[in-house]
There are 2 protein chains.
Amino acid sequence: MPYRAPVSEFGFLLDHVVGFSAVQQTERFAEATDDTVLAVLTEAGKMCDEVLAPLQRNGDLHPAVLENGVVRASPGYAEGYNAIAEGGWVAITADPEHGGMGLPLTVATAVNEMMSGACLSLQLNPLLTQGQIEALEHHADDAMRALYLPKLISGEWSGTMNLTEPQAGSDVGALSSKAEPKDDGTYAITGQKIYISWGDTDFVDNVCHLVLARLPDAAPGTKGISLFMVPKYIPDADGNPGVANSLRVVSLEHKMGLHGSPTCVMSYEGATGWIVGEPGGGMKAMFTMMNNARLGVGGQGVGAAEGAYQLALAFAGERKQGKTPEGTIIGHADVRRMLATMKADVFTARAIALDCAVAIDMGRATGEPEWQARAAFLTPIAKAFGTDTGCAVSEMGVQVHGGMGYVEETGAAQYYRDVRVTAIYEGTNGIQAMDMVGRKLMDGGEAANRLLDEIEAFADTAKTTLPDLAEAVWDAAESLRETTDWLVAQPMADRFGTAVPYLRAFARVLGGHYHLRAAMADPEGAHGRLARFYITRMLPEHAGLLAHVRAGGEGLMEISPDDLAA
Amino acid sequence: MPYRAPVSEFGFLLDHVVGFSAVQQTERFAEATDDTVLAVLTEAGKMCDEVLAPLQRNGDLHPAVLENGVVRASPGYAEGYNAIAEGGWVAITADPEHGGMGLPLTVATAVNEMMSGACLSLQLNPLLTQGQIEALEHHADDAMRALYLPKLISGEWSGTMNLTEPQAGSDVGALSSKAEPKDDGTYAITGQKIYISWGDTDFVDNVCHLVLARLPDAAPGTKGISLFMVPKYIPDADGNPGVANSLRVVSLEHKMGLHGSPTCVMSYEGATGWIVGEPGGGMKAMFTMMNNARLGVGGQGVGAAEGAYQLALAFAGERKQGKTPEGTIIGHADVRRMLATMKADVFTARAIALDCAVAIDMGRATGEPEWQARAAFLTPIAKAFGTDTGCAVSEMGVQVHGGMGYVEETGAAQYYRDVRVTAIYEGTNGIQAMDMVGRKLMDGGEAANRLLDEIEAFADTAKTTLPDLAEAVWDAAESLRETTDWLVAQPMADRFGTAVPYLRAFARVLGGHYHLRAAMADPEGAHGRLARFYITRMLPEHAGLLAHVRAGGEGLMEISPDDLAA
């Protein structure tokens with residue numbers, strides 16, 4: 001795999017597109033100077049190029065396996081993980097009090113994306129640990145934090161999240177795992193969990209499971225759910241892994257891709273657990289973990305897209321076929337179109353993820369509700385559009401390769417297979433869109449309109465330099481505003497049926513904005529030309545999507561199950 | 001797999017959407033009465049449901065393998081193939097003189113689609129034989145026809161097409177396989193061919209390879225290419241398989257999917273071949289084969305889409321998750337949206353394929369150039385949109401399944417992996433689009449405008465009954481006409497960069513037309529409701545696509561290879 005971490009592109013986006021300087025100007029993140037950030041990205045990028053990228057094929061060719069109840073990771077993954085842990089890349093945002101770097105999430109978002117582009121299946125492991133660290137920082141008591149955080153942050157231990165049960169997927173409230181209080185203040189956890197990514201591995205000393213379960217007599221639905229820490233090995237008095245807990249990996253799923261990441265069926269059989277947060281507060285704590293993870297999964301999509309793009313670009317620059325000025329297929333107009341489309345949407349999805357991360361950092365650093373609302377609004381877009389882009393770009397990457405894309409040897413198909421799950425896990429992209437038109441528009445569209453104000457204001461300033469592009473972006477934002485106002489006036493139930501096209505239209509318009517910012521910073525350069533490509537050719541997609549939204553959710557349900565079976 | 005052949009839906013389309021009665025009114029196809037067609041479709045559908053559909057997973061779980069130089073097919077494939085052959089389904093359009101049924105290609109298109117939906121990897125085998133039969137009927141001399149056609153039509157022997165070489169994929173003219181004339185009038189064929197689907201199998205008595213190769217001193221490029229029949233076993237005096245020819249399967253490709261279909265690297269080592277048609281006429285003969293095959297491959301996309309849709313629909317009707325009136329996820333608006341989208345585009349893609357087949361039948365039966373031009377115009381759309389729909393619908397099928405879509409056991413992932421190659425082989429979908437804006441607009445847009453005339457005329461008649469839908473379709477057709485006229489005025493080189501969005505926009509508008517026809521026939525029924533869904537929610541996509549086209553091909557090439565690598 002020829003992956004090269006796009007360090008300078010991150011620099012460009014931070015400087016010119018997503019306003020990272022605001023983060024640097026806060027007291028909390030004052031140490032994240034340009035020099036520091038560049039050094040961090042350069043060092044992480046080097047590890048991705050040299051250590052992680054060579055492992056990408058290993059996971060596919062030699063999947064993780066379950067042997068005698070223990071998961072054995074793919075060849076080289078232990079070394080790759082050690083490089084991540086030793087570099088401090090597991091948890092660069094974590095509190096320095098427990099060994100973290102305390103860097104902005106924006107920087108972590110870039111590092112996570114690079115690791116995803118280099119080796120998606122391995123990167124999922126520290127991504128999950130990051131979510132667990134976040135949950136413990138916010139919800140665990142001092143003792144649990146002191147015991148677990150240093151080990152998780154250093155990478156000695158890894159973390160998982162256990163939500164799903166066979167009958168409880170998107171409907172988390174339907175879960176039935178039990179937690180029985182014991183006399184010593186711990187709980188006996190019993191139940192089966194499925195789709196547990198990295199539910200076990202042989203390259204860490206302990207695997208810490210955060211498990212959702214119900215206390216006796218708990219309320220039905222999500223309100224009766226509590227969160228428990230259930231480690232594979234129970235820490236001894238010194239905090240080292242002690243006796244084995246009563247839990248086991250029952251089996252691994254046979255998946256379409258991401259074979260390097262073991263997806264476990266877990267059985268908890270009276271396992272010892274410690275409650276995290278309040279009884280009945282499980283969903284709240286889990287949402288802390290999931291919010292972080294949603295942005296992270298969006299970044300996985302971007303990373304996979306970048307990797308698939310680089311592979312396709314390299315192929316197109318080498319493959320001779322037909323007569324072109326360049327001598328290779330990169331000279332064919334349709335191949336050029338595909339590559340430009342891929343690159344333009346990698347840019348869009350990356351900018352959304354970074355902008356979301358900036359908003360999260362600003363929310364944390366300033367406590368201002370406007371930043372927090374912006375972060376909350378952008379999170380489902382970052383997750384869904386990032387992963388949709390991962391799927392779409394890797395799909396085009398296969399097509400650029402022609403017949404060789406369908407043959408596994410080139411690696412193009414692996415990107416396509418691996419990234420597909422990112423549109424499903426951590427809340428399907430449909431769920432993300434429902435979150436957006438539901439919870440995230442409950443403010444009457446205030447957060448949405450603030451974003452649109454910003455887009456239109458920037459377009460106004462760009463109108464003298466790039467009149468046609470600025471006008472197209474302004475018009476698109478205004479159309480989106482009209483539809484947003486209309487949507488906010490619809491009953492909630494009617495919004496869900498057109499949530500997905502609405503989310504995508506929003507992402508398209510955001511893309512217009514980010515590309516316009518890039519073009520203003522680099523009007524005669526590659527970013528300027530790519531912005532013109534995006535705004536004239538890809539941004540118009542928003543109109544069809546908004547038409548779909550305006551057709552309304554009500555009419556959709558007129559198509560009955562019988563009609564679908566007709 | 002719960003596949004059920006959509007026989008009654010074919011009946012509806014033939015009667016109300018694609019005007020099949022015109023074919024029935026020709027002298028040539030007078031025997032294809034309603035009763036006959038219904039009997040054929042019912043019988044073929046029954047075989048698909050009962051014999052082929054149960055084989056679908058076999059090919060994936062137990063791929064074809066190369067053992068001691070011979071390809072051993074997946075378990076049950078021999079029985080499945082025998083059912084196809086014994087039913088006469090290999091070649092129902094073939095000339096009765098050699099054992100065919102002489103039925104319209106429209107009927108074969110429906111049967112092929114059903115077989116594809118039931119078991120795509122096996123169906124590819126007879127599809128290739130059909131193309132070979134077509135090529136021999138048109139280009140072989142009497143002796144070759146008499147020798148090969150009965151065996152191919154009965155299914156005793158199968159046929160392959162050998163175009164691609166490592167350095168000659170989409171650029172067929174770069175091929176270098178050699179054909180040396182021998183004293184007895186045969187040729188010694190030498191060269192390596194790749195991506196040869198069903199290059200060998202153990203369930204037929206002979207495998208007949210049509211091989212493109214160059215005679216000594218042949219002109220460079222496509223003009224110097226001739227076509228040769230190179231059978232695995234050389235027929236003896238009685239026409240039975242005799243001595244083995246000097247050819248072999250070197251290896252099988254390790255593909256992303258379609259594992260039941262062996263994709264062979266073939267080596268010809270002075271193999272005995274017979275020329276088909278004139279020296280230098282190889283491309284012409286091959287295009288006969290490919291034209292047929294392009295429509296057939298489009299139908300593969302539709303069939304896979306239908307299969308993936310049925311699987312997702314069944315899952316959605318069983319999976320309980322969250323509270324809905326139906327008790328299953330089919331009651332969730334976003335799931336309903338996905339299923340309706342899938343069904344609406346299966347309808348569109350199927351209608352395009354059948355309309356194309358009707359035009360081919362009419363062209364053959366009447367010899368009228370207008371029908372032939374219509375067929376030629378629709379063929380690349382049928383191929384590209386049919387297979388794009390196969391990919392998109394199977395992709396949505398995975399999403400409907402949620403996490404279970406990513407797990408191989410459900411079969412959703414298999415559709416997604418299997419169908420992906422159809423957008424690549426038989427000319428990539430980019431090549432299809434280039435054919436459309438190149439050769440197929442060389443008439444100055446005449447064939448395109450005739451289709452648009454028909455669409456607008458029908459919309460005019462529908463305006464009293466379904467005013468809003470009819471107007472939307474009319475407007476879309478008119479926008480497409482304006483862009484078509486604009487495109488025809490552009491230099492050829494500039495058309496290629498926007499060929500793909502143009503083809504897709506054309507398919508979207510055609511879909512509006514077919515859905516409107518369906519709605520007029522069934523205004524208060526399922527088709528009417530699905531038409532409203534399509535026309536209000538999916539047809540608007542055409543606007544963004546046409547905007548992309550109008551941005552022009554010239555600007556696209558301003559993005560340089562250096563920009564892409566920046």
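This report describes a predicted model with chains A and B, from its overall arrangement to individual residues.

## Basis of the description

Residues are numbered from 1 along each chain as its sequence is written, and chains are lettered from A, with ligands numbered from 1, in the order in which they are written. In this predicted model, local features need pLDDT of at least 70 and side-chain atom pairs count only at pLDDT 80 or more, while totals for chains, interfaces and linings use all residues; side-chain values use heavy atoms, with hydrogens and water left out.

## Relation of the two chains

Two copies of a chain are related by a rotation about an axis and a shift along it.

## Domains and annotated regions of chain A

Chain A is divided into domain 1 (159–279) and domain 2 (430–556), with bounds that come from an automatic or database domain assignment. The centres of domain 1 and domain 2 of chain A, taken over C-alpha atoms, are separated by 40 Å.

UniProt, in an unreviewed entry, places the feature "domain: Acyl-CoA dehydrogenase/oxidase C-terminal" at residues 280–436 of chain A. Over residues 280–436 the chain is 77% helix and 0% strand, and the end C-alpha atoms are 25 Å apart. Residues 451–559 of chain A carry the UniProt annotation "domain: Acetyl-CoA dehydrogenase-like C-terminal", also from an unreviewed entry. Over residues 451–559 the chain is 81% helix and 0% strand, with 35 Å between the end C-alpha atoms. UniProt positions are given in the numbering used here, feature names are shortened, and annotations may be inferred rather than shown by experiment. Helices (H or I, at least four residues) and strands (E, at least two) are DSSP runs, numbered from the N terminus.

## Nonpolar core

In soluble globular proteins, nonpolar side chains tend to be buried together. A nonpolar core is a set of buried Ala, Val, Leu, Ile, Met, Phe, Trp, Tyr and Cys residues joined through side-chain atoms within 4.5 Å; buried means under 20% relative accessible area, exposed over 50%, and partly exposed in between (1.4 Å probe, protein chains only). The largest nonpolar core has 359 residues, and those with the most contacts inside it are A:L339, A:I381, A:F506, B:L339, B:I381 and B:F506.

Leaving aside neighbours within four places in sequence, B:I381 is in contact (heavy atoms within 4.5 Å) with B:I352, B:G386, B:M436, B:L503, B:F506, B:A507 and B:L510.

## Enclosed elements of chain B

Eight of the eight residues of helix α13 (residues 412–419) of chain B are buried, so this helix is largely enclosed by the rest of the structure. The buried residues of α13(B) include B:Q414, B:R417 and B:D418.

In strand β11 (residues 263–276) of chain B, 10 of the 14 residues are buried, so this strand is likewise largely enclosed by the rest of the structure. Two strands pair if DSSP finds at least two bridges between them. Strand β5 (residues 187–197) of chain B runs antiparallel to β11(B) and is joined to it by nine bridges; B:I189 has B:A271 as its bridge partner. Strand β10 (residues 247–252) of chain B is also antiparallel to β11(B), with five bridges, and B:V249 stands opposite B:M266. Strand β7 (residues 225–231) of chain B pairs with β11(B) in the antiparallel sense over three bridges, where B:L227 is partnered with B:V276.

## Individual residues

A:N68 has a phi near 50°, a positive value in a residue other than glycine. A:N68 is placed in the loop between β1 (65–67) and β2 (70–72) of chain A and counts as exposed at 81% relative accessibility. In chain B, phi of B:N68 is near 50°, and B:N68 is exposed, with a relative accessible area of 83%.

A:Y148 lies in helix α7 (residues 142–154) of chain A and counts as buried at 2% relative accessibility. Not counting residues up to four places away in sequence, A:Y148 touches A:L136, A:W157, A:C208, A:M229, A:P231, A:P235 and A:W274.
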